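The following exercises concern one protein chain. Each task is followed by a solution in steps.

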Amino acid sequence: MIDSAASSPKVELLTAALATVIDPEIRRPIADLGMIDSVAFEDGAATIGIKLTIVGCPAADRIERDVRAAAESVPGVDQVTVTVSVMSVEQRTALTERLQGARKREVQFGPDSPTRIFAITSGKGGVGKSTITANLGVALAARGLRVGIVDADVFGFSIPALLGVSEERPTRVGELMLPPIGFGVKVISIGMFLPGPATAVSWRGPMLHRTIKQFLSEVYFDELDTLLLDLPPGTGDVAISVGQLLPQSEVIVVTTPQAAAADVAERSAIVARKTGQRVIGVIENMSGLTLPDGTVVDLFGSGGGADVAARLSTPEQPVPLLASVPLSLALREGGDAGAPIVLSHPEDPAAAAILAVADQLFSAPVSAP
């Protein structure tokens with residue numbers, strides 16, 4: 001290995017090529033993260049030293065492969081050797097402090113954050129709130145937005161399964177947790193910390209508040225355009241905590257057409273308003289079942305979503321019905337398989353309805369602050 005003046009132009013080319021390699025978990029160039037330890041070149045052979053953030057880094061193989069490919073792309077490089085080591089405690093601490101910046105130990109998405117936050121809520125369970133949240137997040141990510149989802153439904157978590165990441169775990173780097181990514185969406189859920197899907201969570205309010213706050217402070221989402229929160233049904237502790245921690249959240253209410261569900265859904269929106277959040281729309285799920293002959297059967301009644309939107313509207317702040325999502329076999333199958341329907345079957349009427357909501361949220365605020 002040499003680093004003489006004669007070799008420096010080639011080393012500079014190699015360094016420039018390595019600057020294009022992105023850490024798949026942190027989503028930043030490895031050069032910016034201090035992961036390039038050394039670069040040397042001699043007689044057509046490049047030797048690259050990289051430092052991984054932790055022992056057993058799940059992205060190690062991909063990073064090494066990408067580093068090798070980047071070095072091989074440099075003209076005149078005939079052979080590439082990649083040596084791998086691990087950051088020291090001091091280097092890892094410096095990295096986490098650099099990533100956290102001024103937000104260390106604080107909720108990342110304060111009032112001055114440019115991230116737009118949507119809290120997806122419902123009055124009762126079983127209305128498809130999580131399915132809507134997961135597909136909406138994937139639809140927004142497919143439009144080029146940087147999207148994260150916090151599965152705040154601690155007792156009934158389902159977002160990891162809906163996004164096909166139920167077997168993945170966050171990677172810890174110092175005090176930070178790097179969330180798994182499903183279909184371009186960064187995801188965190190209490191389900192990722194439990195020994196199995198059958199494990200039940202039975203916590204009181206203070207523990208629930210602590211968990212939500214930890215998700216918002218110690219999970220490294222980086223800069224997001226949009227953060228979605230899948231709230232538990234009802235008007236309990238988590239809804240209140242989200243209102244306290246993220247009062248700038250915009251609330252989307254999910255209901256079914258059934259009058260009983262619509263009445264309860266209205267209550268969840270009222271509680272959100274009491275904590276300072278703004279209700280920006282209603283999504284009616286399971287609005288009808290289209291039969292092969294084209295007729296529609298309203299299994300859960302009709303008009304519930306429009307009724308909720310009308311009752312929540314005021315002259316100063318109208319609340320629109322954003323979409324009516326029909327019953328769909330593909331939507332259910334996609335949820336069970338961890339394959340969001342907005343990608344697998346975008347032509348399905350249910351997918352089209354959700355994609356239309358994503359277009360509204362992507363293009364402009366639904367209503368003025």
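The accessible surface of the chain is about 16100 Å², and 55% of this area belongs to carbon and sulfur atoms; such areas come from the Shrake-Rupley method with a 1.4 Å probe, and for residues only the protein chains shown count as cover. The model is predicted: local features need pLDDT of at least 70, side-chain atom pairs count only at pLDDT 80 or more, and totals for chains, interfaces and linings use all residues. Residues are numbered from 1 along each chain as its sequence is written, and side-chain values use heavy atoms, with hydrogens and water left out.

**Exercise 1.** Describe the chain as a whole.

*Solution.* Step 1: the chain contains 12 helices and 15 strands, which are DSSP runs (helices H or I, at least four residues; strands E, at least two) numbered from the N terminus. Step 2: along the principal axes, its C-alpha atoms fill a box of roughly 75 × 50 × 45 Å. Step 3: 51% of the 369 residues count as buried, that is, under 20% relative accessible area with a 1.4 Å probe, protein chains only.

**Exercise 2.** Determine whether V80 is buried or exposed, and which residues it touches.

*Solution.* Step 1: V80 is located in strand β3 (residues 79-86). Step 2: V80 counts as buried because its relative accessibility is 9%. Step 3: beyond its neighbours within four places in sequence, V80 is in contact (heavy atoms within 4.5 Å) with A46, R68, A71 and E72. Step 4: A46 lies 34 residues from V80 in sequence, yet their C-alpha atoms are 4.8 Å apart.

**Exercise 3.** Characterise the largest cavity.

*Solution.* Step 1: on a 1 Å grid over the protein atoms alone, a cavity is a set of points where a 1.4 Å probe fits but cannot get out, and lining residues have an atom within 4 Å of a point. Step 2: the structure holds 2 cavities of 30 Å³ or more, and the largest has a volume of about 80 Å³, a volume being the space filled by probe spheres set on the points, which are joined across faces, edges and corners. Step 3: its lining includes A119, T121, S268 and V271. Step 4: β4 (116-121) and α8 (259-274) each supply at least two lining residues, and α8 gives the most, with 3. Step 5: the lining divides into 6 nonpolar, 6 polar and no charged residues, where Ala, Val, Leu, Ile, Met, Phe, Trp, Tyr, Cys and Pro count as nonpolar, Asp, Glu, Lys and Arg as charged, and the others, Gly among them, as polar.

Key. 1 Å grid on protein atoms, 1.4 Å probe; cavity = no way out; pocket = protein on both sides within 12 Å on 5 of 7 lines; lining within 4 Å. Buried < 20%, exposed > 50% of the residue type's maximum accessible area, 1.4 Å probe, protein only.
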